[in-house]
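Here is a short briefing to read alongside your structure. Have the 3D view open, and we will walk through the strands, the helices and the aromatic rings in turn.

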Amino acid sequence: PPLVAEHGPARILALCNQKGGVGKTTSTINLGAALAEFGRRVLLVDFDPQGALSVGLGIQPHHLDRTIYNVLMERDTTVEETVLRTCVPDMDLLPSNIDLSAAEVQLVAEVGREQTLGRTLRPVIDNYDYILIDCQPSLGLLTVNALAAAHGVLIPLECEFFSLRGVALLIDTIEKVRERLNPDLEITGILATMYDPRTLHSREVMARVVEAFGEIVFDTVINRTVRFPETTVAGEPITSWAPRSGGAKAYRALAREVIAR
Ligand code: ADP
Ligand code: MG
């Protein structure tokens, strides 16, 4: 993809699916790293109290003094003083840990509670080209905040028989957020993950996904490989840990599609 001469304002993408284990966190790390390889400035937002995104980048979030929780809940804590540099040049991380689960409860009483993340990110939007939000596996208030802050949603979908269950509910939530909070919100794309090209089952699920959702399904498909769990242990994106692997190539192809959309 062509390089950019000037950076920002960022396009904010939420990686969202209320089902766990479908590749949200893995896709956030590796799409982010691939976008950074293409010269984009990237901020990854860990928006799951489990902190898996932070751990996947080699950070132990439970010992941090400042996380996204403080930025959301305290007026005098800024994103700029909370972000961490990662092993990938031009890719920053806004970390999270279990504290974030308290925010979900505390935000309920706030005015403009659904727009808290959007307000929080506004001061840094010109510093980045992409802000990727790794959502927790639920459709609760934190996820609604991510959808209200985003320009687009990227839905990772596991190539398993039951994966289509629940997507209707997710799309329904996206539509409600669009009507009530964020009229510009769009579905950037559906990403098939955990694809096993050797099984008829994977191919059948993929065919059903394309039949159901058509053009919004990315051409790029992420194969199932143990390399991804291995990168989590390594605390690095696959693009730097195994730069010539199929997985690294796939996330670069996805980054090209995201830039083109
Ligand atoms: P989510 O964030 O949706 O819960 P993760 O990205 O954490 O999902 O992935 C769940 C587990 O599956 C992790 O252990 C991860 O390493 C592994 N994983 C992710 N993508 C793949 C893949 N394409 N092939 C094999 N394992 C994967
Ligand atoms: Mg996750």
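**The sheet and its neighbours**

An open sheet is built from eight strands in the order S3-S4-S2-S5-S1-S6-S7-S8, with mixed pairing. Please keep in mind that this is a predicted model.

**Strands**
- At the edges sit strand S3 (84-85) and strand S8 (217-223), each of which pairs on one side only.
- Strand S2 (residues 42-47) and strand S4 (residues 91-94) run parallel and are joined by four bridges.
- Across that pairing, Val45 stands opposite Leu94 in S4.

**Helices across the sheet**
- Helix H8 (residues 200-213) lies across strand S6 (152-158), strand S7 (186-195) and S8, and runs at about 170 degrees to S7.
- H11 lies across strand S1 (11-15), strand S5 (130-135), S6, S7 and S8, at about 165 degrees to S8.

**Aromatic pairs**
- How many aromatic pairs does the count come to? The count comes to two.
- Phe161 and Phe162 form an edge-to-face pair, 5.3 Å centre to centre with 80 degrees between the planes.
- Phe161 counts as partly exposed at 48% relative accessibility, and Phe162 counts as partly exposed at 49%.
- Phe228 and Tyr251 form an edge-to-face pair, 5.7 Å centre to centre with 80 degrees between the planes.
- Because Phe228 lies in helix H9 (residues 227-234) and Tyr251 in helix H11 (residues 246-260), this pair ties together parts that are 23 residues apart in sequence.
- Are these two residues buried or exposed? Phe228 counts as buried at 8% relative accessibility, and Tyr251 is buried with a relative accessible area of 1%.

Terms used
Residues are numbered from 1 along each chain as its sequence is written. Chains are lettered from A and ligands numbered from 1 in the order in which they are written. This is a predicted model: local features need pLDDT of at least 70, side-chain atom pairs count only at pLDDT 80 or more; totals for chains, interfaces and linings use all residues. Side-chain values use heavy atoms; hydrogens and water are left out. Rings of Phe, Tyr and Trp (its six-membered ring) pair if their centres lie within 6.5 Å; planes under 30 degrees apart count as stacked, over 60 as edge-to-face and the rest as tilted. Buried means under 20% relative accessible area, exposed over 50%, partly exposed in between (1.4 Å probe, protein chains only). Helices (H or I, at least four residues) and strands (E, at least two) are DSSP runs, numbered from the N terminus. Two strands pair if DSSP finds at least two bridges between them. Contact means heavy atoms within 4.5 Å. Axes are lines fitted to C-alpha atoms, for helices over the stretch in contact, and angles run from 0 to 180 degrees between N-to-C directions.
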